[in-house]
Amino acid sequence: MEKRVTFRSAWLPYALLAPQLAITVVFFFWPAGQAVWYSFQLQDPFGLSTQFVWFDNFIALFRDPHYYASFRTTAIFSFSVAALSICISLLLAVMADRVVRFALVYKTILIWPYAVAAAVAGVLWSFMFAPSIGIVTFVLKAMGVDWNWILKGDQAMLLVVIASVWKQIPHNFLFFLAGLQSIPKSLIEAAAIDGAGPARRFWSIVVPLLSPTTFFLLVVDLVYAFFETFGVIDATTMGGPAQATQILVYKVYHDGVKSADIGGSSAQSVILMIIVIALTAIQFRFIERKVHY
Amino acid sequence: MRIKILAATVAVAAAFAAPAQAQTEIQWWHSMGGALGEAVNGLASKFNESQKEYKVTAIYKGQYPESMTAAIAAYRAKNPPHILQVFEVGTATMMAAKGAIIPISKVMADAKESFDPKDYLPTVTGYYSDLKGNMLSFPFNSSTALFYIDRNKFKAAGLPPVPPKTWKELIATAEKLKAAGQDCVYTSGWPSWVHIENFSAWHNVPIGTKQNGMGGFDTEFKINSPLHVRHVGMLGDMVKKGLFTYAGRTNQADSKFQSGECAMATISAGALAGAIKAGKTDWELSFLPYHDDVKGAPQNSIIGGASLWVMAGRKPVEYKGVAKFLSFLSKPEIQMGWHTSTGYVPITKAAYELTRSSGFYDKNPGRDTAVKQLTLHTPTENSKGLRFGNFVQGREVIEEEMEAVFAGKKDAQTAMNDAVKRGNEILRKFQAANK
């Protein structure tokens, strides 16, 4: 049975909710509503003349092959970041969980990058990989690799993926470590007694029992890759070369802020909003059912 | 304790408020970082010392696109700066924003300050005036693209340290340098500005219809002409052969050349400021290379850099101060100081004469190359400048297509056709938004 707390006063619950609601309205619904309103308009940058153009901004978007390309870029980027950061951090968590001596030191070092701001991470990696002065570039050149992400789109993509994954690993690592520690030792010991090797124990016991954590991290990482990698991209490739790393969020910023195309940028935000709502709904309705709790 | 803090706060607030009340403050938003930023602050404090009525506050607002965005947002929030430094590609956008800006000619006339556009170099006036000859913004830091060579690299390769004059000669030299083991032979900054905009003016071919957009918003790009395609294709071939090291869309090439990585470069005349600081003297500045089979080449190059726009929406009294400050800036000795300390070109004829008669060019050979290149011939319709709406986006499209050629993903003809097609879409959108 659920325990319900009821308020005797009629207005108190609303008063308690009000601050949170006010924040949601002011910082979410109000700008979102404005984006929808602007997406139907054609405005000059200074807001001196405004025309209502119905769906023209949306039609222009769906006629633009670069918009579709940005979708593809976002998909490649987000899934690479989510998959890589989950796999690597799971590996690290399993390793760290088995370490007996200096465990705290390892854990601290692994968690460290989480404290680094996204833009700082971007600058750090772009320095190491800078086409003419980077240390890594120097090594790569010595190995005969022509490293120049200023011109080569796939290398630029690789760079932002690496920087974003590096930034997200500590977060995932923490959750996996906590997940691993909550798996009952008796289960693993029982399997060991039954003759299951370490690999078998990992795949048959640890992985299924970690699936709620993994699912949660998948959602969080995708959202992270979608929205929070802005700093990394802005500090390194700025969406280039030739839009090779221009993910949807960056395109919204670029078209709206840099190019002052407010209508087109708002239309993109509206589409992005619809995508995120749909994605979240799908994830929770369908994928979550298959997760083993 | 609390009273003490309160008292301290009041005292501090009073200390800040007192001078602000006595003088009218004029805000100047700019994008000059580093050594250039110091020079800008120097100009403001010099003006502030020269009189007591007004106080110019120079504020660095980030790079050109950022400060322009900030000013647009400030205008929408009804609190714009008085003076805003806008880069040349933002000119058409600012110009179309009637009501948000006040033409310089009007600011000066209203304040009864003397101002004659004829004092300025024709390439400068043309870029910032409307078709009737009214100057809309105040030219401030103007540069142009120049060709730099590092004499030491030439000597090391056993070549005479003479800059090649044509693209044919440049390629021949590049091949020799490469053969002698020079890794980065030639690099270039600002691909669209150097290889499309200045290139077109230099060869006297149009960038767009309607006098490069100066004649109206219904302009179209013309940069898929056989000459443009040939030039971009040639650059693509040079990348393939390792004769051209692409550095990026802005001034990344400056450091590649200044650090001694590359032997030749087409970069901004403004890059010289960094060179003076680095103490490198064995560079030679010369005119941009040209294709010698093109009739009428070389014509003259066009300017880059930025101008100062006066924004509307402040009190009339304050504009008097703005006008005073702008006439202070146009004094020949101030112009000369700016020119000699930064590498930007002297934009008034008087400042150029003053610098020449001071013997500065004799002591610093090559420092007048930019002016000479800008004024090589009387500007034609193709070489006066350009004015395309939303050219921040337009330039990006051109650069993306050029990068596609450099990366070997597209041939030059397809890329330039695509640049024209995509660029024209941007122009039509601008036209629709500014009816």
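In chain A, helix H3 (residues 65–98) and helix H7 (residues 153–181) have axes that come within 6 Å and cross at roughly 45°. Axes here are lines fitted to C-alpha atoms, for helices over the stretch in contact, with angles running from 0 to 180 degrees between N-to-C directions. Helices (H or I, at least four residues) and strands (E, at least two) are DSSP runs, numbered from the N terminus. H3(A) passes H7(A) in a right-handed crossing; the hand is right if the near helix is turned clockwise from the far one by less than a right angle, and left if anticlockwise. As for what sits at this contact, the residues split into 18 nonpolar, 7 polar and 1 charged. Ala, Val, Leu, Ile, Met, Phe, Trp, Tyr, Cys and Pro are the nonpolar class, Asp, Glu, Lys and Arg the charged one, and the others, Gly among them, are polar.

The model is a predicted one, where local features need pLDDT of at least 70 and side-chain atom pairs count only at pLDDT 80 or more, while totals for chains, interfaces and linings use all residues. Residues are numbered from 1 along each chain as its sequence is written, and chains are lettered from A and ligands numbered from 1 in the order in which they are written.

Zooming out, chain A holds 12 helices and 2 strands, in the order α-β-β-α-α-α-α-α-α-α-α-α-α-α along the sequence. Its C-alpha trace spans about 75 × 75 × 30 Å along the principal axes. Among contacts in chain A with a separation of 6 or more, 70% come from residues 24 or more positions apart; a contact puts two C-beta atoms, placed from the backbone, within 7 Å.

Turning to the partner chain, 26 residues of chain B are in contact with 18 residues of chain A. Helices H3 (64–76), H4 (91–96), H19 (391–406) and H20 (412–433) of chain B each give two or more residues to that side, and H19(B) gives the most, with 6 residues. The chain B side has 14 nonpolar, 7 polar and 5 charged residues.

Chain B itself is assigned domain 1 (2–143 + 303–363) and domain 2 (146–301 + 388–433), with bounds from an automatic or database domain assignment. Their C-alpha centres lie 30 Å apart, and each of the two domains puts 17 residues into the contact. On the domain 1 side, helix H2 (34–50), H4 and strand E11 (304–311) of chain B each supply at least two residues, with H4(B) providing the largest share, 3 residues. That side has 9 nonpolar, 8 polar and no charged residues.

A cis peptide bond joins B:Ala297 and B:Pro298, with omega about -5°; B:Pro298 lies in the loop between strand E10 (283–286) and E11. B:Asn204, in the loop between helix H9 (191–202) and helix H10 (209–212), has a positive phi near 55° without being a glycine. B:Asn204 counts as partly exposed because it has 19 C-beta neighbours inside 10 Å. B:Gln211, in H10 of chain B, also is not a glycine and has a positive phi of about 50°. With 20 C-beta neighbours inside 10 Å, B:Gln211 counts as buried.

Key. Buried ≥ 20, exposed ≤ 12 C-beta atoms within 10 Å, placed from the backbone.
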